[in-house]
Amino acid sequence: MADLVAWAERFIATPSESRLGNAAIADAASELLAELGLDGEVESAHAGGATHFAVLCDAGAAGEDGVLLVTHLDTVPPGDAAAWTATGGDPFRPTREGDRLYGLGSADAKVDFVCKAVALAAERESLVRPVRLVGTFGEEIGMLGARWLVETGLTKGSTRALVGEPSQLAVVHAHKGYAVYEARVRLERLDGARLWSAREEVRGAAAHSSDPALGKNAVLGALELLERTQAPGIGALAGGGALNVVPDRCEIELAVRDSSGARAAGPVWSAAPLLRFLTAWRELQAGAARRSDSRFSPAHSVASLGRVALDGDCALFGCDVRPIPGDDAAALVAPLARAAELRAVRANPALATAADAPLVRELQAAQRAAGLAPRVETKATCTEAGLLAAAGLEAVVLGPGRSIGNVHKPNEHTSLAQLHQAVSLYRAALARLAGRGPA
């Protein structure tokens with residue numbers, strides 16, 4: 001049997017940032033399956049303007065009523081390498097410290113693929129229904145792999161899906177939706193004034209955008225600095241990156257009316273349109289907080305301003321919105337339309353599997369069989385499970401590791417004990433869902 005932790009470390013050590021391609025991690029996953037004696041294959045897919053790779057492995061008997069095991073193999077960008085203090089400044093250097101295994105992707109979520117593969121190999125001889133294990137791609141940039149999976153018909157024959165995301169092995173039956181918007185703010189040139197510029201780097205703190213309050217948004221901080229200093233305009237504005245990460249850095253070049261800075265090298269743009277956008281953003285946030293649903297944490301809808309860059313005579317902002325059930329993303333962002341040209345980039349559905357659905361009950365029994373206390377929860381983030389549920393599968397989210405306050409930031413880590421517990425839980429789940437039932 002493959003060494004679970006050694007393979008987890010190898011997966012961490014294999015970079016697989018969404019936009020840089022996942023060929024290397026797909027090869028590693030294929031090698032793992034081969035070592036486990038499982039038949040795997042890699043399929044290429046063109047999505048989002050690039051070529052990606054999905055890893056597929058079929059086991060069990062042929063037929064219907066199959067089980068789909070899904071884990072995305074891509075990660076967000078690592079951010080500032082120096083902030084990865086637990087791994088010596090290298091996000092791809094797996095580092096053990098007590099029960100913790102540090103490194104990018106340790107919790108979100110590619111190491112979960114290792115747990116699923118090990119469990120599948122251990123149970124494959126007892127399976128009487130089909131099981132398909134899939135390592136998807138591009139989850140962090142629009143759930144490209146899950147969309148491809150549905151569009152190509154590879155979900156057919158499966159009726160239930162277990163989607164790997166960090167849940168500390170709780171069964172997540174519902175989560176928020178997710179929408180991405182682009183806001184283009186038309187700028188006004190400032191002419192005829194003697195202006196100099198002072199460049200500022202605004203620092204924040206990264207966090208997952210599902211709970212923006214856990215971080216400090218540097219893009220928002222730059223706009224607030226512009227407001228606070230009452231500078232008449234800007235010469236530069238750039239910050240952020242992946243929209244599902246609260247940005248921790250933003251540069252702004254403030255125009256000043258004295259000689260305390262260097263002469264502005266390029267055009268100077270009026271602060272007024274940007275301050276109108278800031279006002280609209282605050283209105284959006286107020287609207288998002290009006291309703292609450294105690295099943296979720298945070299209990300209300302949230303939005304995060306993920307990046308900004310100057311584009312000609314415009315400031316181009318990217319933001320994401322996570323509505324609770326009953327809230328509409330388009331209605332939440334409506335205030336921005338008064339200060340910017342809005343474009344909807346994508347929308348991912350929420351997950352609303354019933355808390356007492358048959359799949360949930362079976363997984364609670366599997367938790368008990370694996371020596372775990374049965375736990376059923378909701379999740380503030382959006383996952384591939386929403387897309388699979390929309391395609392007609394009964395879906396839940398389940399995986400080792402902690403999500404909130406841990407992923408999409410430096411020093412991401414998982415629990416070594418939970419990796420082993422995940423294998424036991426997946427084995428128990430496969431026995432109930434695709435095997436001959438509990439012993």
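1. A pocket here is an open set of points, on a 1 Å grid over the protein atoms alone, where a 1.4 Å probe fits, with protein on both sides within 12 Å along at least five of seven lines; lining residues have an atom within 4 Å of a point. A volume is the space filled by probe spheres set on the points, which are joined across faces, edges and corners.

2. Please keep in mind that this is a predicted model, where local features need pLDDT of at least 70, side-chain atom pairs count only at pLDDT 80 or more, and totals for chains, interfaces and linings use all residues. Residues are numbered from 1 along each chain as its sequence is written, and side-chain values use heavy atoms, with hydrogens and water left out.

3. The second largest pocket holds about 330 Å³ of space. Its lining has 20 residues, and G79, D80, A206, V245 and D248 lie nearest the centre.

4. The largest pocket has a volume of about 390 Å³. Of its 25 lining residues, R19, G241, A242, L243 and R307 are the closest to the centre.

5. Now to helix α6, residues 272–288 (a helix is a DSSP run of H or I, at least four residues). At 1.5 Å a residue, its 17 residues should span 24 Å, and the end C-alpha atoms are 25 Å apart, which agrees.

Notes:
Helix = DSSP H or I, 4+ residues; strand = E, 2+ residues; numbered from the N terminus. Expected span 1.5 Å × (residues − 1).
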